[in-house]
Amino acid sequence: MLSEKTKQKILALQKLYPEMRSALIPALHLAQREAGYLSVETQREVARLFGLDPNEINAIVTFYDMFFEKPVGKHLIHICKNVSCMLRGGDELMALVCDKLQVKPGKTTADGEFTVMASECLAACDRAPMMMVDKKVMGPVKDEDIDCLLAEAKRGVSDA
Ligand code: FES
């Protein structure tokens, strides 16, 4: 359930755009910040605030990698699976990160710290193979960097 504060922020966002629905993406980011994901109930609440059918909200939530319908780890690791990164070791990077964290792609570690996801191009192809940990873009990632990057993420360095 959305807090009153978040609802008010969403209503304020709607006023910033000539078309209210232009505020949908930032509104969903605000809503997701509350629980870390967008439950069916939260999606319905956002739909009500916009006067939309909940299916329209769900179509957006399921289209974008940045929205989650289920709880995810405290830290998100996106590893690019597109061609530039694949040609420069992206698959091996995924395998190594998953091996270090003892998790499968798309899953969350047992301690709830990390969710590892294969992502479409992260728009830094010149830095292949690359990955994004929380808000920090990293690349080219070398095998020997991974332990340090994961430790930094746990300390919140990649959240800034
Ligand atoms: S292909 Fe990996 S960042 Fe573009």
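Q: Does proline 105 count as buried, partly exposed or exposed, and why? What is its relative accessibility?

A: Start with the idea. Buried means under 20% relative accessible area, exposed means over 50%, and partly exposed lies in between, with a 1.4 Å probe and protein chains only. Proline 105 has 49% relative accessibility, so it counts as partly exposed. This is a predicted model: local features need pLDDT of at least 70, side-chain atom pairs count only at pLDDT 80 or more, and totals for chains, interfaces and linings use all residues. Residues are numbered from 1 along each chain as its sequence is written, and side-chain values use heavy atoms, with hydrogens and water left out.

Q: Where is proline 105 found?

A: First, the elements. Helices (H or I, at least four residues) and strands (E, at least two) are DSSP runs, numbered from the N terminus. Proline 105 sits in the loop between helix H6 (90-101) and S2.

Q: Which residues does proline 105 touch, not counting residues up to four places away in sequence?

A: A contact means heavy atoms within 4.5 Å. With that exclusion, proline 105 touches Met94, Cys98 and Val116. Now take leucine 52. From C-alpha to C-alpha, proline 105 and leucine 52 are 33 Å apart in space, and they are 53 residues apart in sequence.

Q: How many helices and strands does the protein chain have?

A: The protein chain has seven helices and four strands. Read from the N terminus, the elements run α-α-α-α-β-α-α-β-β-β-α.

Q: In what order do the four strands form the sheet?

A: Strands of a sheet pair through backbone hydrogen bonds, either parallel or antiparallel. Two strands pair if DSSP finds at least two bridges between them. Here the four strands form an open sheet in the order S2-S1-S3-S4, with mixed pairing. Strand S2 (114-119) and strand S4 (136-138) stand at the edges, each with a single partner strand, so one side of each has no neighbour in the sheet.

Q: How many bridges join strand S1 to S2?

A: Six bridges join S1 (residues 75-80) to S2, and the two run parallel. Look at leucine 76. Opposite it, in S2, stands threonine 115.

Q: What share of the residues of the protein chain counts as buried?

A: Of the 160 residues, 41% count as buried. Residues 24 or more positions apart account for 60% of them.

Q: What does the C-alpha trace span along its principal axes?

A: The C-alpha trace of the protein chain spans about 50 × 30 × 25 Å.
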